[in-house]
Amino acid sequence: VVLSSIGGALGLALGLAGIGALLAVNTAGLPRVGADGALVGIDWRVAVFTFVTAVFTTLAVGLLPSLRGARPDLVTDLKDGGRGVSLGRGGQRLQAALAVSQVALCFGLLVGADLMVRSFLAMQAADLGFDHRPILSTRAYLAGDAYDQVGVRAAFFRNAAARLSQMPGAVAAAATTAIPGDDGGAMRRLVVDGRTADTDEIGIHAIGITPALFTTLGLPIVSGRTFTEQEAEDPAAEVVILNQSLANRLWPGDSAIDRRVGFRTNQDITWLRVVGVVPDIHYEEIGEGSDASRLNVYVPYSRDGSRSMALLVRAAGAPEAQIAPTRDLLQSLSASFPVYRLMPMKELRRFTTWEQEFFGRLMGAFAAVALLLALLGIYALISYSVGRRSREIGVRLALGARPADVVCM
């Protein structure tokens with residue numbers, strides 16, 4: 001029993017090691033995470049703990065029959081043997097309990113894996129409000145004393161977007177403070193002209209953009225217009241664009257154009273005029289979001305003036321073909337202009353849903369192994385039970401039992 005238990009433990013440990021190796025190989029396709037950029041992998045301490053646990057569990061389970069055989073209950077064994085060498089009611093109930101528990105645990109893992117995979121697929125298929133497949137995205141930071149003035153930074157990003165849109169294979173380009181499906185913009189408090197109650201304040205997300213953003217995303221203007229180049233570079237420009245959900249909430253059934261809204265900061269209010277309404281875009285990561293993140297206000301870049309921006313390029317063909325030209329062009333504009341996370345938006349979607357993909361794989365692998373073990377366990381139990389009760393089955397058939405009744409039993 002001890003030798004067989006050791007063999008079973010080694011086999012189980014080797015199986016677990018194989019699963020770990022398989023998962024480690026599969027994680028090579030996942031995005032890098034962590035401050036050091038390390039790939040997701042198998043931690044050796046977890047592997048050692050799993051090995052020790054597997055050996056201990058197998059030995060403990062293998063020794064149980066030996067311990068039970070060392071203290072026999074002769075009366076019960078003689079009674080059970082007299083009924084045709086069956087296990088008796090106690091043994092049959094234990095077998096049934098083990099089989100039911102194994103199947104229940106297996107199906108629990110299967111259901112969990114199914115839900116995780118469904119969540120991943122749903123997040124991958126979720127609609128951002130536009131076709132993201134031809135879009136290339138990158139993050140960039142404009143450093144240096146030469147760009148301390150907001151107007152200078154605005155002119156730089158306007159020039160960068162214009163140069164990117166003129167690349168061979170590019171259709172349009174724009175700069176923005178938030179990438180759809182990746183982050184939600186800056187939280188602000190919005191008030192409406194003529195409504196003074198505190199309850200009329202609305203939490204929104206403000207996003208700084210250059211004028212060509214909606215052309216780059218392939219979205220039409222619902223009403224009004226986008227910003228002009230002069231407004232995008234003028235810190236005093238008092239214009240704003242609302243998404244359709246916010247416009248419908250503030251003025252249901254009425255036009256939002258030329259209405260006044262304001263950003264409240266403490267007791268101060270900066271009033272802006274609505275010049276356009278655009279379709280809704282999902283900015284937060286899929287699966288996240290709040291009421292405020294669904295209400296978006298777009299302001300000219302000069303109103304935000306952030307040094308950290310995102311640049312989006314709409315490609316005529318595959319966006320992957322624009323990666324190298326985009327990097328070369330941006331780095332040629334300024335030596336202090338680091339570019340990072342340059343990737344197609346479809347790859348960015350994988351970057352923001354890697355956890356669901358990884359845990360879906362992990363639970364799927366364990367569920368498959370659990371299903372295999374459950375099938376083997378049930379087969380072994382039924383085979384053992386039939387072997388022990390073959391005399392009883394023969395007697396039942398001789399006395400007129402139908403084969404179907406025996407199978408059901």
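This is a predicted model: local features need pLDDT of at least 70, side-chain atom pairs count only at pLDDT 80 or more; totals for chains, interfaces and linings use all residues.
Student: Why is the contact between Arg118 and Asp114 called a salt bridge?
Tutor: A salt bridge needs a side-chain nitrogen of Lys or Arg within 4 Å of a carboxyl oxygen of Asp or Glu. The closest N and O atoms of Arg118 and Asp114 are 2.8 Å apart, so the pair qualifies. Arg118 and Asp114 are four residues apart in helix H4, which means about one helical turn separates them.

Student: What makes Arg118 exposed, and what makes Asp114 partly exposed?
Tutor: Exposed means over 50% relative accessible area, and partly exposed lies between that and the buried limit of 20%. Arg118 has 55%, so it counts as exposed. Asp114 has 36%, so it falls in the partly exposed class.

Student: How do you know that Arg139 and Asp182 are tied together?
Tutor: Their side chains meet in a salt bridge, at 3.0 Å from N to O. Arg139 sits in strand S1, while Asp182 is in the loop between strands S2 and S3, so the pair links parts that are 43 residues apart in sequence.

Student: Why are Arg139 and Asp182 called buried?
Tutor: Buried means under 20% relative accessible area. Arg139 has 10%, so it is buried, and Asp182, also with 10%, is buried too.

Student: What makes Arg389 and Glu392 buried?
Tutor: Arg389 has 12% relative accessibility, so it goes under the 20% cut-off. Glu392 has 12% as well, so it is buried too. The two form a salt bridge, with their closest N and O atoms 2.9 Å apart. Elsewhere, salt bridges that share partners join Arg139, Asp182 and Arg341 into one network.

Student: How do you know that Arg341 is partly exposed?
Tutor: Its relative accessible area is 31%, so it sits between 20% and 50%. Arg341 is found in strand S11, and it has a positive phi of about 55° although it is not a glycine.

Student: And what makes Asp258 exposed?
Tutor: Asp258 has a relative accessible area of 52%, so it is over the 50% cut-off. This residue is in the loop between helix H8 and strand S7, and its phi is positive too, about 70°.

Technical notes
Residues are numbered from 1 along each chain as its sequence is written. Side-chain values use heavy atoms; hydrogens and water are left out. Helices (H or I, at least four residues) and strands (E, at least two) are DSSP runs, numbered from the N terminus. Buried means under 20% relative accessible area, exposed over 50%, partly exposed in between (1.4 Å probe, protein chains only).
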